[in-house]
Every structure is written in C-alpha cells, then in structure tokens.
Amino acid sequence: MKKDKYIAHRAEDGRTQSVKSHLEGTATLAEQFAASFGAAAWGRWAGLVHDIGKYSAPFQRRINDPEHAPRTDHSTAGAQEALRHGLAPAAYAIAGHHAGLPDGGSTLDTSDAPTMVGRSRKRIPDCSPWQQEVVLPQVSPLPFLGSDGFTDSFFTRMLYSCLVDADFLDTETFMQGLQPRGGYAPLPVLLDMLTAKTDSWLNADPASDLNRRRNDILRACIDHGAQWPQGLYTLTVPTGGGKTTASLAFALRHAAEHKMQRVIYVIPYTSIIDQTVEVFSEILGSENVLAHYSEAAFRQKDPEDLTPEEYRQLLASENWDAPLVVTTAVQFFESLYASRPSRCRKLHNLANSVIIFDEAQTLPLPYLRPCCAAIAQLVEHYGATAVLCTATQPTLAPLFAALAPGLPLREICPDGETLYQALRRNHVEDLGCLSLKALGQRLTAHRQVLCVVNRRKTAQQLYAALPKDGGSFCLTTLLCAADRRTKLAEIRKRLKNGLPCRVVSTSLIEAGVDVDFPVAYREEAGLDSLLQTAGRCNREGKESDPARCPVYLFSLEDSPSPRMLEPQITALRAAQRECGELDMPEAIAYYFKTLYGVKGEEALDQKNIMDAFRRGWNGVQFPFATVSKEFILIESPTRTIYLPIDEGKALCQQLQAGQINRTLYRKLGPYSLEVYAEQYQALYQAGALDPIDERSAVLTSPIWYDRETGLKSDIQGGQGLFL
C-alpha cells in the first residue's frame, strides 16, 4: 500500500487521506455547488487552493505527531495565493474556511491582526510542493462583480458557502464513510403528490363560496407557477384564503417547470412551524420535509437515539440538502449575514430555489433594507424565485426598486380588491377608549370571544375578570410552550364543540394560529396586527353575514400604548382617517407607506449594514465578522427560566446536576420562559431561582408559576410590566 507523502487527514483506524486527494475532492464538490450560479470555476479554484498550507513541513509534523508538534495555520497560504491571482472573494473564503469569514481590516493592520489585511502580511512556512500536484483552472470575472461592494460581499458569502460545505462533506466522507444523505423524492414527484391532493379539491363541487374562492387562488398559483419566469413575486391573500397550500403549489410547480433545486419556506415564528410542517407532511410525507428550527424532533434527541430518518434530517439541516425546507426567518436571515462556517454552509443551496416568505409583513423594520437586499441578490444573481406571502402586504416595491432597479415585483393573485371584498367574513368597529373593567364585562357577555392585548400583564388581569367555568383561557409567553400547546388544543376542541371559550391573548395568537371565533377584540396596535386578529374571527365563513361577526378595536384607559408601538398606532390612525375600510388593500398599502415614513429611512437599516459593505465601517472594509455579531433579528435582554414541570422536571434535575449539553437545552425548550432582568432579579431575591449561569436558572418554587396564566407578573421587589 502506497504511503501518502503529504497527508491532509488521518482517521482513527489509521487510514490517511492525501492533501491532493482532499483538494480534488473538495474542488469537485465546490465546483458543482457554485455551478448553480455560474461560478463553477471559482468554486473549483477555491477548493484546489484552500488547504495548500498542509503541504508545509510544520503541518506535516503536526498531522504525524499531534501530541508533540504545535498547531499551525494552514489556511493563510491559500488566501495569499488567491490575492496574488486577484481573486479577493476566494481569498476571504479560504482564509475563513475554519475560523469564519474575517473582517477586511485597514492598511494599518499588522501581520498579527486576524483581518484579511493582517493575513495577507503574515509570514507563512514554505508550502511550494503544492505546485507539483495541483493545476489551477482559469477563472473568468463574473459580470455582476466589481460595481458594488454589497454585491461583491454577497458573492463572497456564496462562494464561502460552496467551499465550506464541500470541505465538510469531503472530510466527512473520508473520516466516517458515506453518510445517509439524500434519499428524498425529487421535486417532480412531490409535485405529483400535491397535484393528487389539489385535484380532488379543484374537481369537486365547492361546499361554500369560501371554498370556491380558495380554489380560484389555488388555480392562479398553479397556473402562474408554470407560466411565469423566475423572479420576485408577492402573493397577497386574505387570512383564511388557503395561502399556505396555494403558495406551496406555486413553489413546486414553478420549481419543477424551471428545473430548480428546492423549495424553502421561511416562517417568522417557531410557534406556527409545527402546523405548517404538519400540513406539508400530510401531503408530501414527513420523510420529504425538513423542519429546521429549535424544537424539531431531530434536535431534541441525543444523536445515538435518532431514528435513521431523523439522523438523515439532522445531516440535511447542516446544509439544507433537501427538496423542501421549512425554517424560521431568524435562521434564514441571520445565516445570510453570519460568518461562521457552520451557519454559512447551507447558503449555496438557496441558489436556484423557490423561497416563500410567509407573513412577509413581519420582516423586522430595523433590518428591512438588508433583508430585502439579500432577497434581491438571490433573485437577481443566483437564480432564486422569491415570494412575499401575506394577507397584509407591506409596500416594498419602492425599496426593491432602489436596491435592484431591473427587478420587477409582480403579484400572483389577480384583482386583490375584489378578492378581499369576496372573502370578507367580519367587520371592524372602533370602540374608542375602554376601562379594563368595562372590557372585562364585555368579554364575559360573549359565549365565545377572542381578545388580543399588547401586554402580558394586561392579559393576566383580564383573565382574572372572566368566568371560571372552564372556558376561560390566558395565552402569553409567560406560559411555557408546552402549556401553550395544551391550551390551544383545548381551545380548538371547545370551539369545535360549541362550548364556552373566552380567550385573552397577546399577539402570539395572531401568528398563523388556526382558530375560529365568532367575535374578536384587538387593542390598538398596527393595522397588520388588527387584521391578523380579524383573521381568527369567522375564519371558516360559517356565518355568511360579516355584519354579525364584529372585530372591535379599542384602547385602554390608564394604560398608554408601549412606546415601541407608537409608530404603528400613528400609521393605523392615518389609514383609518384616509381610507375608511381598514381591511382593504388600499388601506394596507397606505398604512405601510405611512409607517415607513414615520420611522424614516435610517430606521430600515438601524445598524448601517448596507453601508458597512458598500463603504466600509469605522475604517474596516468588508466587516464580515463584525456584522455577523451585529445582525441579530431578535435582540432582547432576556434571561431564561426553566420550569420543573412534567418532562421538564427530570430535565431540570439533570441541569442542576451539571449535566449540561446542547441536547439537554433543546429538550428543555418547551419548558422554558424568557423574562426581563427586573423580573428575573425579583424572583432571585424571592428565593425562587437556582441559577445555572449568569443568564439562566431553574424555578425552584412552584408558587410563582400558574399553569393557567403562567409566571406571575406582580412579584414583590421587581417590576412586572412586559410587552
């Protein structure tokens, strides 16, 4: 057996992989990945050069005698070679393929700086033998590079993704043998599965006008999915119009027609992923749906306890190598601005994919511009089709026009005003200002009612005023996810059986939760929030007369609106004055236009992410590492409290015993709460917490947690006001 002269990897059983073999294997994969956006030669070049530092004598001493030889930098050599060839994106990708994409740095950086400038000045050991074994391809410049710093930085991330995923996969294959990746049904087969389901609806006589309208929406999505080119679209459908299945039909038909790679469904909240995954799995089979979020089954178990299907999903979650991926907006957008290889390796699989953004109105305002810029890049340069899907479509056309002037934004569902009129199932009435007592009396008078308020404490106070007949519920994030799921199941059951059901909730119930009340109340907030609450009122159109299903808008005496909602309320009132009917596309467009105007241009990119890549940030060019720390969609100074209830009791005991690991934290997710520092401190002073670290603790006293209303908000010694 021939002994490798230059070794890249050594397996536990003594097998070795040569540097040449690893470079060629990585290059072949990276070439395939980058080919999806016309950069095959770039991918191959980066793969061939990324580990040439392993030809150095210090690295070979390390690989042959790891106990006695020191670690050595093996990525800088390839980065410097890329710079010599004028291939800056490849240089960044190679420099960061282990430690993460670095900041560019400034001309003042010395050779010990971790920046790209510092790495370019670093003295490295001789690794020239690579030139005897590696032949580099010619790399042609891509037409969209060089004109804009943001576009160049985005390409760098995509190339980086190709390289790190290829590096992981080639190394994994050598070290562990072939892994159970793939095995999914191809997209045309998934389309056939969906078609079999939708044909049964489209060919049947619709039982109601609502079902007929849903079928019209579905047909439009199927037809346009086949007929229209890859691009940027909106799908604006009133709540209850069947947009989840309709958008999936557009995506699968479009992907099959254009021979695209996959469909990615981006959802704003983890609380509604379960029901979306359930719908998709019922149609397409759970084995063909990858749910990548914190509470997915494969993330809750120890690796040795996973079934073969769950293990395959765990591997697919690393790089989204699946035909249908359902994930969160946080996972999606933060990955696009991340720098670590583990977060970025999936990005190249966004190319040539259909990406559905569910509840598009929830795109976070402080990051709206960089989020839209990323979407525009994927569509304009990477062959993706993006669909902004919602009942309350934000007015993003001007923003996209500024970011990508040649990229039109087109609506899939025609004649929106007629559709909204036809699907109207309730009407909005403004009650003005109410006292908490008067509101409680109104809610008590209804047999079934939903009331959505802005504060968790308000919800608890209102719940206390409701009848204790088994039909009153309080839903807030002061309840752990496990208890919220139990209550939602009971709420749905009572609504279905016509039993008393009075629910007071914060906005969490607006996030696509499938419930149907005959009447609803919404405390003054944004128009999108009002209409989301309205979407839970007469949702299934059981009452044919919208006048009999009111959605009451109100404000509360002695309870000023949270400051964070003031711009939304200002825009709502403006739309109310100018447009009259708030549940029509004209009012929705006016609301968002006003909201963006009230917030101002700077508010749409609060961290100056776009300028950071276009013009540098505090003297630092291409600040990849810095931006990855700044781009956090949900910034909340909260601390975590774990509850020793049900299955969480044994898990908390493990935590307190010091058996801390990632799997345990994931399992504890359904039995945890996020609270602000004041409430955390008050609980701690009351002796109710056993701290695990400086940001988390186990609740030791059950008196502070009520299975009906959640964590108490009136703890002595601390403030109890939470949004």
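Good morning. I begin with Phe-150, which is buried at a relative accessible area of 2%; buried here means under 20% relative accessible area, exposed over 50% and partly exposed in between, with a 1.4 Å probe and protein chains only. The structure is a predicted model, in which local features need pLDDT of at least 70 and side-chain atom pairs count only at pLDDT 80 or more, while totals for chains, interfaces and linings use all residues. Residues are numbered from 1 along each chain as its sequence is written, and side-chain values use heavy atoms, with hydrogens and water left out.

Phe-150 belongs to helix H8, residues 149-176. Helices (H or I, at least four residues) and strands (E, at least two) are DSSP runs numbered from the N terminus. Which residues does Phe-150 contact, leaving aside neighbours within four places in sequence? They are Tyr-337, Ala-373, Ala-374, Gln-377, Met-610, Phe-613 and Arg-614, where contact means heavy atoms within 4.5 Å. The C-alpha atom of Phe-150 is separated by 48 Å from that of Phe-473, 323 residues apart along the chain.

I turn now to the sheet. Six strands make up an open, parallel sheet in the order S11-S16-S15-S12-S14-S13; two strands pair if DSSP finds at least two bridges between them. Strands S11 (427-434) and S13 (472-475) are at the edges with a single partner strand each, so one side of each has no neighbour in the sheet. On average, neighbouring strands of this sheet are turned by 15 degrees against each other, direction ignored. Axes are lines fitted to C-alpha atoms, for helices over the stretch in contact, and angles run from 0 to 180 degrees between N-to-C directions.

What are the partners of S12? With S14, S12 runs parallel and is joined by five bridges, and Val-449 stands opposite Arg-502. With S15 (residues 520-523), S12 pairs in the parallel sense over three bridges, and Cys-451 stands opposite Tyr-521.

Next, the cysteines. How many disulfides does a search of the whole structure find? The result is zero, a disulfide being a pair of cysteine sulfur atoms within 2.5 Å. For Cys-389, the closest cysteine sulfur is that of Cys-221, at 7.8 Å, which is too far for a bond. Cys-389 is buried, at 0% relative accessibility. Cys-652 is likewise in no disulfide, as the nearest cysteine sulfur, in Cys-480, is 10 Å away. Cys-652 is also buried, with a relative accessible area of 0%.

Finally, the second largest pocket. Among the 27 residues lining this pocket, the closest to its centre are Thr-72, His-74, Ser-75, His-98 and Ala-99. On a 1 Å grid over the protein atoms alone, a pocket is an open set of points where a 1.4 Å probe fits, with protein on both sides within 12 Å along at least five of seven lines, and lining residues have an atom within 4 Å of a point. Thank you.
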